[in-house]
Amino acid sequence: MTKLKGLLLTEGMHGMISQVEGLAKALDLDFIHEKIEINNFWKLFPPKVTPVQDFVFKNKIDSQFDVVISCGRKSVIPSIYLKKKFKNKIINIHIQEPKVFLDNFDFVVAPEHDGLKGNNVLTSKGAVHYLTNDELDQNENYLKSRINSQKKIVTLILGGPTRYYDYNNQVIEGIFSKIEQNFIKNNYQVIIIPSMRTPQNIIEKAKNYFYKDQIIIPNVDKKAYLSSLKISDHIIVTCDSTSMISEAAITGKPIYVAQMPAIKNNQRFKNFFNLFESLNIIKELNNSIENWTYTKLNETNKIANQIKEKIKQHDFS
């Protein structure tokens, strides 16, 4: 059977790419990715007051596709435009709350902690993403040669500054200090994995803070990321990224969240943390090491299976 063709629309940020590609893979689509660019004037307006016209965005989309999966504010108008243009010849799916009428999409996929409701809304525990356990298995040995076999492993996954969280020196040094006291002094080796948002000065600070036998990955390296998740005994993720915490939850391993003071109201984050704590997935990074288990999350496949049933019934003609 010929695969359906997918068009993925995002602003190009890791969290968004992870979500649209994860869902596209789970739907078994033959997909291409389009990074959306909005024309300067229309960047000032939210989607709900932006005209659904192709002059709003710079992209000239001329490829053939059956399913559009979009994520992020900039991709809302292009997805609605394509749906209006091709009508039932395509299915359009938006990930995250679009801030427009939900009926503009065939499906809206939103995390449960957002509280979004609607007949076409599918909810996930945390964010959908592109990681699979098969990929973790395939990349297990990538960092193995650098591992001290006499020690346990803890991985720190770093995000970066956002409008909700600041990465000041005092906060970062506090996180590093907890890792040193809790883990390094208890015979753990540390792997530090940066993301696309991690400032270079934070990576340099990690290099200067930790001893040479710790593993500091200097650049974004997906293989190192996958390998570290597979071989770690414990995982620590900074609180600014619900996407990376959701990705880590595919492992079933204990996840500590390195909390930071919020610089503005972060109720969505609080809802997310409360949900994941209730599922026994995360605990706050404090001054002890615990071991716990939980059911591995595979929300991407769950959502994909719900959509597949509708796709089977859809007439694309």
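**Notebook: Phe276 and the rest of the chain**

I started at Phe276. Leaving out residues up to four places away in sequence, I find that Phe276 touches Lys125, Gly126, Ile245, Ser246, Ala249, Ile281, Ile282 and Leu297. I'm working from a predicted model here, so every contact is a computed one.

Next I looked up where Phe276 belongs. It is part of the largest nonpolar core, a set of 62 residues. Phe276 is listed there with Ile236, Ile255 and Phe273 as the residues that have the most contacts inside that core.

Then I zoomed out. I count nine helices and twelve strands in the chain. Of its 317 residues, 53% are buried. I also checked contacts between residues at least 6 apart in sequence, and 71% of these join residues at least 24 apart.

What about overall dimensions? The C-alpha atoms fill a box of roughly 65 × 45 × 35 Å along the principal axes.

Last, the surface and the charges. I get about 15,300 Å² of accessible surface for the chain, with 47% of it belonging to carbon and sulfur atoms. How far apart are the mean positions of the positive and negative charges? For 42 positive and 33 negative charges, I have them 2 Å apart.

Definitions and conventions:
Residues are numbered from 1 along each chain as its sequence is written. This is a predicted model: local features need pLDDT of at least 70, side-chain atom pairs count only at pLDDT 80 or more; totals for chains, interfaces and linings use all residues. Side-chain values use heavy atoms; hydrogens and water are left out. Helices (H or I, at least four residues) and strands (E, at least two) are DSSP runs, numbered from the N terminus. Buried means under 20% relative accessible area, exposed over 50%, partly exposed in between (1.4 Å probe, protein chains only). Contact means heavy atoms within 4.5 Å. Accessible areas come from the Shrake-Rupley method with a 1.4 Å probe; for residues, only the protein chains shown count as cover. Lys and Arg count as positive and Asp and Glu as negative; His and the chain ends are not counted. The place of a charge is taken as NZ of Lys, CZ of Arg, CG of Asp or CD of Glu. A nonpolar core is a set of buried Ala, Val, Leu, Ile, Met, Phe, Trp, Tyr and Cys residues joined through side-chain atoms within 4.5 Å.
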